[in-house]
Amino acid sequence: MKAFHSFIVTAALLAGAAPLFPASAHAASCCGGGSATSLIVPKYARALADLSFDIESYDGYWNQNGTHKSDPPGSDLKQYRLNLGYAHRLARDWQAGITLPYVWNENKYSGLSSSTSGLGDTTLSLWYEALDDESAWRIREARDLIPAVTLGLSLVLPTGISPYDDVKSSFDVTGRGFYRLDGNLLIEKTIQPWNASIALTYGTHFERSVNREYGRFVEPYRKELGDRFSASVSGGYRYVLGTGGDTLTGTASYSYLHEDNGSINGADDITGGFEKQSVGLALSYANLDRDWSARVAWNHAIAESGWGRNFPTTDIITVGVRYVFR
């Protein structure tokens, strides 16, 4: 049961990040606002600050065969995350950012209760805006079809509490304990008032040595998590409120997440790989100047067999606010 608990907590950290990525539109466009997790500064701005809060609740899990299973009666598993983000434009087409989460775990499982908290894993990002989207209102020429294309690298730092730290149980875990380097591709296109985006990420974990598991010292070994791939597509519609120019944007999205099996001392670890599919809805408000924006989003993992493997099924509600510095 300990292993299962650990997986629930660490997997939730992944689940919280993936579905938010496509909810953005206009990252590199002339009128953009960037996304919740990618923290992309709009073209007209020099920096942005972002604050969001995730509420993730669990509703069973998929086993290794992809069959959905329910949690034991009386279970109540939740994770809360407060995410602080800042991004700064370094040059016309270059920018960098940082995301720092703080995590609370509130769990009741098989008669056991726990309440823990701690810093999560930190993400550093570097982005290059290869193409800009003019966000046209009408297609008049071929260039109006050019999307915004943004390329990026992200480095996840294991600043959270992992199973390999001095923890008493798996419920203390707030991070995975591994460095990971991701390559990111974000493509966005806006034909006012419609927008669409595709986000692709491929990441690899760095191998590390382990000599302690859940506070118990073990014979040293080398461990590496599997490579990770995620893809998201989204589509949205922007509605102008009255004559003031404030806008309300609704977005629907689909996300896919896959991680290969890891390895222990070079041998395949068949317990580590997983898959997850989820759908999401988001609603965001922005003022006329696009300096302030607020959002609420819901991500839902379909609790049916075949929609995931070796992963918990969760619902995530996110509320956030963002300010853009000109």
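Me: Is Trp 104 buried, partly exposed or exposed?

Reply: Buried means under 20% relative accessible area, exposed over 50%, and partly exposed in between, with a 1.4 Å probe and protein chains only. Trp 104 has a relative accessible area of 29%, so Trp 104 is partly exposed. This is a predicted model, in which local features need pLDDT of at least 70 and side-chain atom pairs count only at pLDDT 80 or more, while totals for chains, interfaces and linings use all residues. Residues are numbered from 1 along each chain as its sequence is written, and side-chain values use heavy atoms, with hydrogens and water left out.

Me: How many aromatic pairs does the structure hold?

Reply: A pair of aromatic rings is described by the distance of the centres and the angle of the planes. Rings of Phe, Tyr and Trp (its six-membered ring) pair if their centres lie within 6.5 Å, and planes under 30 degrees apart count as stacked, over 60 as edge-to-face and the rest as tilted. The structure holds 10 aromatic pairs. In one of them, Phe 53 and Trp 104 have ring centres 6.4 Å apart and planes at 55 degrees, so the pair is tilted.

Me: What kind of pair do Trp 194 and Tyr 237 form?

Reply: Their pair is edge-to-face, with 4.6 Å from centre to centre and 65 degrees between the planes. Trp 194 counts as exposed at 55% relative accessibility, whereas Tyr 237, at 35%, counts as partly exposed.
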